[in-house]
Every structure is written in structure tokens, then in C-alpha cells.
Amino acid sequence: MASLVRQVPEWHRLLALSWACLVRQTPHLRDQKQTSPSLSCKLTTVPGRGSVQEFSSITPQKYVQEPENRTRLVQCLHGEQKPCVDPESLEPAKVIRSLQDMGFAEAHINSLCSIQPSVHPQQLLDIVSELLLLGLNPEPVFNALKKNPQLLKLSNMQMKRRSSYLRKLGLGEGKLRRVLSVCPEVFTMHQRDIDRVVKVLREKCLFTAQHITDVLHRCPTVLQEDPNELEYKFQYAYFRMGLTHLDIVRTDFLQYSITKIKQRHIYLERLGRYQTPDKKGQTQIPNPSLKNILRVSEAEFLARTACSSVEEFQVFKKLLDQEEEESESHASEEEEEEEEEELL
């Protein structure tokens, strides 16, 4: 306790020195200092078990700062701060002006800026510029980005590399414009997936380079199909329906689902309205054109091509589904039997 008594005067002396230093650094406070009320306290110690010893009271003097002075000090410090301008705040205005110069409408600009908020504004401008260089107009560019926002996450190098690859497939600016408008995912797909589809068209379907270019131009969605299903669709057209490579390309046959193709083809076949051509490409009856089979709506197909009712076609589709399920089950059983024979 005696050490505490010695430390108290030292504490008050340090406090007074600190205040004096502050007054010297802040001249306008010198004339407004006031003394604080005296602090009076008695310190006692217990040197022994039975006696209590009192020390004289300590009445230190110190200066305190009034609220008004504190306010002036804060205002002084704030007045010395310089305004700071965030450079990022200028980016939105720059983006809007650039998009306007590119020909985008105001409504499109607002939508473009909100498609991927996490994308840096400069990245948005770079991707839009690359798409415009491909020959697209502002509206198709907007539609492509709206349909596939992942385009905004690509780098310039990725865009240029994919554009160069598609050009090697024969998809120049004009054809590439259609591919991008129909299937913008072509720029964000994995390269190996595109290579597998092109390999099937070239090696399994035996299309020429020009045929492949035409297929990708007319039916860009084939790039998203499973290669095995694409091969099966071609085989069905070539062997079951008797179509040639040129027929498949010109009629956009590969863009239709295999389910739709089989339902309408087999239905016409069982009605006696379609016949598979022989080796010479001849039939005993005139087959309807593929346009009247696949390109028309179901109602028009039944009324003009099949000359049948909706109820009959619905019953046929259910029966066809059952036949295919039984066929798949039978094929699976045969595969299991073959595997068992190999093990034996």
C-alpha cells in the first residue's frame, strides 16, 4: 500500500504534463482551461492486525477540456481532411457511354449491367466488343448474353480461341452469327464436348467437311447432344427412313428429337403412307416430304399428312412406348445371357 501512495502523485504529475503538452500544441485552448474540482481522499494502510494508519489527503489539480473545446478540436481535425474520390465510381458512367456508342438502347444497357453484377465493367465491355467483331448487331449480342450470362465470365483470349476454332470448321462471320444467336452456349462449352460431336459427324456419320459446316450452321444445337444419341439418330434416318446425307442436311433433320421422329415416321409407316426406299431409292408409293412430317405442328401433321384423328395418334404413342420398353428389356436380358456365357 505504501508503494501505491508513492505512485499517486506520480500519476497526477504525468497527467498535468500531458495536458500542458496538449495546450502548447493547441493555442486556442490556453485561455479556456479550467481547474477540476479537488479530489480528496484518505488512504489507509493496515500495518498490523490491530492498528490503522491514516495518510494525509491528496488534492491534485488538473485541467479538463470542456465539451465546446472538444467540438472545436474535432472540427479542426475534420477540416484538415481532404475529400477522397473513388475511381471505381466513375466506371458505370464510362460503361454506359461506351455501350451507347456501340449502338445499344437504354433498356438493353440497364439489363446488360445487371446480368452479372459481379463482373467488372471493363470485362463487360471487352466481351461485348468481341461479340460485335464477330458481325453481330447490338440486339443479337444482348439476346446472347441474356440467354447465356456465363459468356461474361470468359476472357478475351478464350473468346478469340473459340472463335478461331469455329472458323476452322467453316463457320465464318455470317454463319457464326446464326450459331451464336441460336446456341450461345457454344462459347462456354468444353472443347472436348465439341470435338466429340464433330468426330461423330465426320467418322461415324461420314459427313464431308462441307456437310459438317452446314449441319453446325443450320442446326447448332447438335453441339449439345450426346454423341451416341446423335449417331443413333443419323442411323435411323439413313437405314430406317432411307434418307441420304444431303437430305439430312437440307431438311435440318438432326435438330428434331428422336422421339418425335420415330413417332411420326412409324405412324405413317403403319398407316401405309410411308415406305422405306429400296437400294435404288425407289418406293411403290410417294412418300410425304420431311417438311410435312417434322416441320409442321402435330395438328397439321395429323390433318394433312397422316389424315388421322388425335385420339388414334395418342393411342398409338402409348402402344409405341410399351413396345420400346419391352424391346429394351429383351435386349438387356440378351446382354446378360451373353455375359454369363462368356464367364462359363
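In this predicted model, Thr213 takes its place in helix α10, which covers residues 209-218. With a relative accessibility of 5%, Thr213 falls under the 20% cut-off and therefore counts as buried. Leaving aside residues up to four places away in sequence, the partners that Thr213 touches are Leu169, Gly170, Leu171 and Lys175.

Helix α8, spanning residues 173-182, contains Gly174. Here the relative accessibility is 43%, so Gly174 is classed as partly exposed. Gly174 can also be placed relative to Leu136: the two are separated by 38 residues in sequence, while their C-alpha atoms lie 8.5 Å apart in space.

Helix α4 comprises residues 106-115 and helix α6 residues 138-147; their axes approach within 10 Å and cross at roughly 30°. Because angles under 35 degrees count as roughly parallel, α4 is described as roughly parallel to α6. The crossing in which α4 passes α6 is left-handed. On the α4 side, the residues that meet α6 are His108, Ser111, Leu112 and Ile115, and their counterparts in α6 are Glu139, Phe142, Leu145 and Lys146. Sorted by class, this contact of α4 with α6 holds four nonpolar, two polar and two charged residues.

Helix α13 runs over residues 258-270, 13 residues in total, and extends 18 Å from its first C-alpha to its last, close to the 18 Å expected at 1.5 Å a residue. Its buried residues are Ile261, Lys262, Gln263, Arg264, His265, Ile266, Tyr267 and Leu268. After α13 comes Gly272, with a positive phi near 80°.

The partner of α13 in this pair is helix α11, made up of residues 227-240; the two axes come within 11 Å and cross at roughly 20°. This angle, too, is under 35 degrees, and α11 and α13 are therefore roughly parallel to each other. Their crossing is left-handed. From α11, the contact draws on Tyr232, Lys233, Tyr236 and Arg240, while α13 supplies Ile258, Ile261, Lys262, His265, Ile266 and Glu269. In terms of class, five nonpolar, one polar and four charged residues make up the contact of α11 with α13.

How values were computed:
Residues numbered from 1 in each chain as written. Predicted model: local features only at pLDDT ≥ 70, side-chain atom pairs only at ≥ 80, totals over all residues. Heavy atoms only, no water. Helix = DSSP H or I, 4+ residues; strand = E, 2+ residues; numbered from the N terminus. Buried < 20%, exposed > 50% of the residue type's maximum accessible area, 1.4 Å probe, protein only. Contact = heavy atoms within 4.5 Å. Expected span 1.5 Å × (residues − 1). Axes fitted to C-alpha atoms, helices over the stretch in contact; angles between N-to-C directions. Parallel < 35°, antiparallel > 145°, perpendicular 65-115°, else oblique. Left-handed = near helix turned anticlockwise from the far one by under 90°. Nonpolar A, V, L, I, M, F, W, Y, C, P; charged D, E, K, R; others polar.
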